[in-house]
Amino acid sequence: MKFKNTLKVISLALLLSAVQGCGDDKKTDEHATHQAHQNPPSELTTVRIGYLPSPGHLLYFLAKEEGFFEEEGINAELVLFNENNSELAAMESGKIDVGAYGSSELVSYMSEGHKISLFAGAMKTGHGIIVKDRIVEGIPKEEWSIKLLAGKKIGVEGIGSGHIVIREALKKLGLDKDTEFVMFNDGSDVYASLKNDEIDAAVLYAPYRILAENEGYTILANSGDVEGFDNHVCCRQAILTDKLKAEPETYKHFIRALIKAYKFYKTNESQSIKDIAKYVDVDEDLLLADTYKYDNEIANPDPDLKRMDVFYDSLVDLGFVKEFDIKPNYTAALYEQALNELVKENANDAVYKELYQYHQRSN
């Protein structure tokens, strides 16, 4: 089931009328071969997947559109949400089975005793620190840094990942005391906050980051470049712990589909953007920039547990959660099984080898 995101800001309509398309590049021979050899099982297991209308959730979109879910025996039903808290509540009530949730929101939810398991990755980095011209006026670009946010009023989404990155970084610099963080419900509300004369800056995840820049605001920095949060994680795959224990084979194949989607994202740029555009209602040229230009990569299926610990430590340090044992909520076992299988089945595949090496470093 596919949904288009209806952005709340009326001025956005002007942005979406920008020049369409990224060209009609032909798909690679590898992609054509993949399409020709699809042979999904006759009976599929339905998995209801919660997603946000962001390029950061592209692994779902590509796995769905390119047939990787079906190849792995999964009938994927994609269910749209606009923010993490309602998506988490939907999972706990059984309305969806699995989803990608902000790392900070997940830690907070786990701290309240909810029995959920983080078992794979989704979005990485993908947030921009957007400022109004007055913040950088007269300052050479080589001197721009997050220090310019000291004492300013910054719009953020709840305790979202980008918010925590900037807040913790400013605290470590001793610049957080006079800085005000104004929390909003979701990304579109944060984007709209830039229209407020009292707001100096906003932390925006993709695609709001590129939309703000296209409207004339300035990207002061991208979250993955902030010291201490290099190449940080964002949304993580999570599921009710009991469900994961009851259906490990289903979710191993779910991960296999995401790993295949990651390879497609890394090797088929043009078609990936076309697939993403079916779920993120933004001009393809803007999606291309937001997905491939600003970050080393905006999505990765690895659980990346060491970088998750950074968010746990930051949330404790900032006082958003009290210390608790988060390790029982982590598992990389199914991801390792899925990745090892694909590496064995595709012994000469460079992308799978790269993922294997990444996993050895990051967990």
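Predicted model: local features only at pLDDT ≥ 70, side-chain atom pairs only at ≥ 80, totals over all residues.

Trainee: At what angle do α3 and α12 pack?

Mentor: The angle is about 95°. Their axes are 8 Å apart.

Trainee: Why give both an angle and a distance?

Mentor: Because two packed helices are described by the angle between their axes and the distance between the axes.

Trainee: Roughly parallel or roughly perpendicular, then, for α3 and α12?

Mentor: Angles of 65 to 115 degrees count as roughly perpendicular. So α3 and α12 are roughly perpendicular to each other.

Trainee: Which residues make the contact?

Mentor: From α3, look at Leu-58, Leu-59, Tyr-60, Leu-62 and Ala-63. On the α12 side, the residues include Phe-254, Ala-257, Leu-258 and Ala-261. Tyr-262, Phe-264 and Tyr-265 of α12 take part too.

Trainee: What does Phe-254 touch?

Mentor: Leave out residues up to four places away in sequence. Phe-254 then touches Ile-49, Tyr-60, Phe-69, Ile-74, Val-98, Phe-119 and Gln-237.

Trainee: Which residues touch the most other members of the largest nonpolar core?

Mentor: Tyr-60, Phe-69 and Phe-254 do. That core has 68 residues. Helix α12 gives the most to it, with 10 residues.

Trainee: What else is there by way of cores?

Mentor: There is a second, separate core of 47 residues. Among its members are Leu-106, Val-165, Leu-305 and Met-308.

Trainee: Back to α12. Is Thr-250 buried or exposed?

Mentor: Thr-250 lies in helix α12. Buried means under 20% relative accessible area. Thr-250 has 16%, so Thr-250 is buried.

Trainee: What is Thr-250 in contact with?

Mentor: Thr-45, Val-47 and Ile-74, leaving aside neighbours within four places in sequence.

Trainee: Now the sheet. What is the strand order?

Mentor: The order is β2-β1-β3-β10-β4. It is an open sheet of five strands, with mixed pairing. The edge strands are β2 (74–80) and β4 (116–121). Each of these pairs on one side only. Neighbouring strands of the sheet are turned by 30° against each other on average, direction ignored.

Trainee: In what sense do β1 and β3 pair?

Mentor: Parallel, over two bridges. Strand β1 is residues 45–51 and strand β3 is residues 98–101. Gly-50 stands opposite Gly-99 in β3.

Trainee: Which helix packs on that sheet?

Mentor: Helix α5, residues 84–92. It touches β1, β3, β4 and β10 (236–240). The direction of α5 makes about 155° with that of β3.

Trainee: New topic. Where is Leu-334 found?

Mentor: In helix α16, residues 333–345. Leu-334 is buried, with a relative accessible area of 11%. Leave aside neighbours within four places in sequence. Leu-334 is then in contact with Leu-244, Pro-248, Tyr-251, Lys-252 and Ile-255.

Trainee: How many residues apart in sequence are Leu-334 and Leu-244?

Mentor: They are 90 residues apart in sequence. In space they are 9.7 Å apart, C-alpha to C-alpha.

Trainee: And the whole protein? How many helices and strands?

Mentor: There are 17 helices and 10 strands. Buried residues make up 57% of the 363 residues. The accessible surface comes to about 15,100 Å². Carbon and sulfur atoms account for 48% of that surface.

Trainee: What about contacts across the sequence?

Mentor: Take contacts between residues at least 6 apart in sequence. Of these, 81% join residues at least 24 apart.

Key
Residues numbered from 1 in each chain as written. Heavy atoms only, no water. Pairing = 2+ DSSP bridges. Helix = DSSP H or I, 4+ residues; strand = E, 2+ residues; numbered from the N terminus. Axes fitted to C-alpha atoms, helices over the stretch in contact; angles between N-to-C directions. Contact = heavy atoms within 4.5 Å. Buried < 20%, exposed > 50% of the residue type's maximum accessible area, 1.4 Å probe, protein only. Areas by Shrake-Rupley, 256 points an atom, 1.4 Å probe, with all protein chains shown as cover. Core = buried A, V, L, I, M, F, W, Y, C linked by side-chain atoms within 4.5 Å. Parallel < 35°, antiparallel > 145°, perpendicular 65-115°, else oblique.
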